[in-house]
Structure formats: structure tokens, C-alpha cells
Amino acid sequence: MIPLSWYLALAFMLIGLGAYGMMVKRNLIRIIISAEIMGNGVMIALVAFSLYLDTFTFTGQGLVILIISVAAAHTALAMVLMLMYHRRYQTIDLGVPVVQEEISDE
Amino acid sequence: MLMQIEALLEHIEFLLIAGIVLVLAILALEHKDLVYAVFFFGIMASFVAGFFLLLEAPFVAGMQIAVYTGGISVLIIFGVLLLPIFHDTTRERFETIRKKRLGIVLSIFVIILSGSLVFLFTWPTEIPAVNVDLAQSLEGLAQWLWGNHGIYVQFIAIIILTSLIGSLAILKLEKAEHLNPESGVYGLATWDDDTSEKAKAGNKSEDTVPVIMAQDAEEEGT
């Protein structure tokens with residue numbers, strides 16, 4: 001039988017990789033992918049906890065289903081915001097300095 | 001003997017899938033071509049579903065493949081394809097190398113902090129004897145979702161609907177700004193804006209309303 005600590009180690013590795021991507025990467029799409037990788041790690045940890053704890057409940061699996069649903073929604077919203085960012089600043093690279101548009105009315 | 005072989009195969013299966021998932025996650029973050037990176041992410045999500053099968057959660061595994069591999073990765077690929085081609089390659093630029101090092105140090109700190117949770121505490125090594133039957137798990141999961149926690153499902157439905165409407169509204173907002181960027185709320189000219197602008201230009205707002213109403217009456221008559 002695989003110990004729970006193995007699943008948790010893998011989950012935390014995925015969370016760490018996602019944190020690395022979110023802190024080091026500057027491409028908006030890579031930041032979205034990093035968030036999804038972190039979410040995958042959290043889901044593995046939740047399902048493993050729900051199976052290995054003394055009193056089995058479907059809380060972990062149910063929460064993971066809700067998380068997957070919300071992940072689809074927030075990814076769609078993130079992609080729209082990314083496209084808006086690109087329309088306005090002509091880049092999706094957060095490392096490129098963005099020149100603020102001057103307000104001509106004032 | 002057979003139990004030992006089964007346990008050994010299970011360990012090998014876990015280690016194999018874990019290695020593939022970690023390599024694919026690193027490739028998704030580090031591959032230069034963004035489209036390939038998204039493909040690697042989709043394959044990684046498929047292999048994560050293997051862990052859910054190991055953890056006796058087949059419905060979650062199916063949902064993981066359907067939503068992550070079939071939905072989210074395709075959505076990200078569509079987003080990438082809507083961009084100009086020069087965004088396909090990674091262009092991470094850091095003002096100083098110190099910022100990149102700071103990010104790496106912080107992420108290593110996160111890994112060490114979370115790893116300490118694994119090794120400092122004693123976790124169960126076996127699944128408890130009283131467990132749910134795999135064949136009945138879908139029924140129990142449905143009972144959990146719709147029987148006891150139906151309100152959460154309703155909230156999730158509202159969140160998804162809100163994000164859908166919000167995404168469409170944001171896109172339409174940008175289009176409306178392009179159409180009429182200087183007047184009205186959300187870039188759309190209203191009756192009050194029209195009359196107030198004419199009043200500012202010297203026309204009396206009282207005169208403009210009858211003129212417009214007279215034009216409407218003429219159009220209806222013709």
C-alpha cells in the first residue's frame with residue numbers, strides 16, 4: 001500500500017513547481033498554467049486525505065469536483081483578461097515595461 | 001506472495017506516473033514554444049487522473065480528463081492561437097538577475113516549507129479497513145453532492161454563470177469603447193449625454209427634444 005506521505009510529497013512538489021512558475025515566469029499564459037499546476041497538486045492532496053483518514057467521507061472528492069468546475073470558469077476568465085491585456089498593451093509579457101497612455105482630456 | 005507483488009507493482013506504478021507528471025510539469029513551464037508547453041500541460045493533467053484512479057476516485061479521474069485535458073488545455077491553446085505569432089516563444093525578461101534569483105529562492109522556500117509538512121508529521125501508511133466499495137462510490141459521491149451539499153453546487157453554478165457573463169461583458173466592453181470611446185457609461189451614448197452635449201454646445205435641451213420627437217413622427221408617418 002502506498003503511504004499517504006508519498007501522495008503529499010508529490011502534491012507539494014506540484015505546488016512548489018506552480019509557485020516557481022508564478023514567481024519566476026513573466027508570460028501571462030505560463031502564469032495561468034502555473035496556477036493550474038498548483039491546483040492539480042491541491043486536488044491530489046485532497047483526494048488522498050479523504051481516502052486515508054480514519055472516517056472515510058466523500059468530502060475530498062466532492063471538493064475536487066467543485067474545484068475542477070471553478071478552475072474551468074476562472075481559466076476562461078483569465079484567458080479573456082489576458083486577451084484584453086494584449087489588446088491594450090500589445091504584449092502578454094509582464095517583464096516588458098508598459099508605457100501608460102497619456103490622458104488627453106486633462 | 002501475490003499481495004507483495006501487487007503492492008510492488010502499485011509502488012512502481014505510482015513512481016512511474018509521479019515521474020512523468022513532474023517531468024511534464026517542468027516541460028510545461030520551461031519549454032520555449034508556448035503551444036508545446038500547453039500540450040505538455042494537457043498530457044500532465046491526463047496523468048494526474050491516474051492518481052485519482054489509484055486513490056479509488058474514478059469519477060474524479062474522468063472529470064479531470066474531460067475538463068482539464070479536453071477543456072482547459074484546449075481553451076488555453078485557443079487563447080495562444082489568438083495572439084500574434086511572436087508570443088509563441090518565451091520572452092521572460094528581468095530587470096536584474098537578482099529578481100530572478102529572488103523568485104527561485106522563494107519558490108524553493110515554498111517547496112521546503114511544504115516538504116517539512118510531509119516529513120515532520122506521521123501520516124497514515126495504509127487505507128483504513130472500513131472503506132467504501134468502489135462500485136458504490138459514484139452513488140455516494142452523488143449523495144454527497146446533491147443530498148447534503150446541494151447549496152455548494154448551486155453556488156458553483158452561479159460562479160460559472162457569472163464568469164461566463166463577465167467574460168462576454170469584458171469583451172463587449174472593449175468593443176463598445178472602440179465604437180464610442182468618449183461619451184456615456186461603458187462607451188455607450190445615452191439620451192442624457194446626447195442632450196447634455198447639445199446643451200453645452202449652445203442648443204437648449206428643451207428645444208432638442210421636440211425636434212427629435214417631430215423627426216420620429218415624420219418617420220412613422222412615412
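Q: In this predicted model, how many nonpolar residues are in the lining of the second largest pocket?
A: Happy to walk through this one. The lining has three charged residues and no polar ones. Among the lining residues are Met1(A), Met3(B), Ala7(B), Leu9(B) and Leu54(B). By class, the nonpolar count is five.

Q: Which helix gives the largest share of the lining of the second largest pocket?
A: This pocket holds about 210 Å³ of space. Its lining includes Glu6(B), Glu10(B) and Glu13(B). The largest share, six residues, comes from residues 2-30 of chain B, that is, helix α1.

Q: How much area do chain B and chain A bury between them?
A: Let's start with who takes part: 83 residues from chain B and 73 residues from chain A are in the contact. In chain B, the residues that lose the most area to chain A are Leu29(B), Leu55(B) and Trp144(B), together 10% of what that side buries. Carbon and sulfur atoms carry 77% of the buried area, and the total is about 7,400 Å².

Q: Which residue of chain A forms a salt bridge with Glu30(B)?
A: Between chain B and chain A, the count is one salt bridge. Its closest N and O atoms are 3.2 Å apart, and the partner of Glu30(B) is Lys25(A).

Technical notes
Residues numbered from 1 in each chain as written. Chains lettered and ligands numbered in written order. Predicted model: local features only at pLDDT ≥ 70, side-chain atom pairs only at ≥ 80, totals over all residues. Heavy atoms only, no water. 1 Å grid on protein atoms, 1.4 Å probe; cavity = no way out; pocket = protein on both sides within 12 Å on 5 of 7 lines; lining within 4 Å. Points joined across faces, edges and corners; volume = space filled by probe spheres on them. Helix = DSSP H or I, 4+ residues; strand = E, 2+ residues; numbered from the N terminus. Nonpolar A, V, L, I, M, F, W, Y, C, P; charged D, E, K, R; others polar. Contact = heavy atoms within 4.5 Å. Buried area = accessible area lost by both parts, 1.4 Å probe. Salt bridge = Lys/Arg side-chain N within 4 Å of Asp/Glu carboxyl O.
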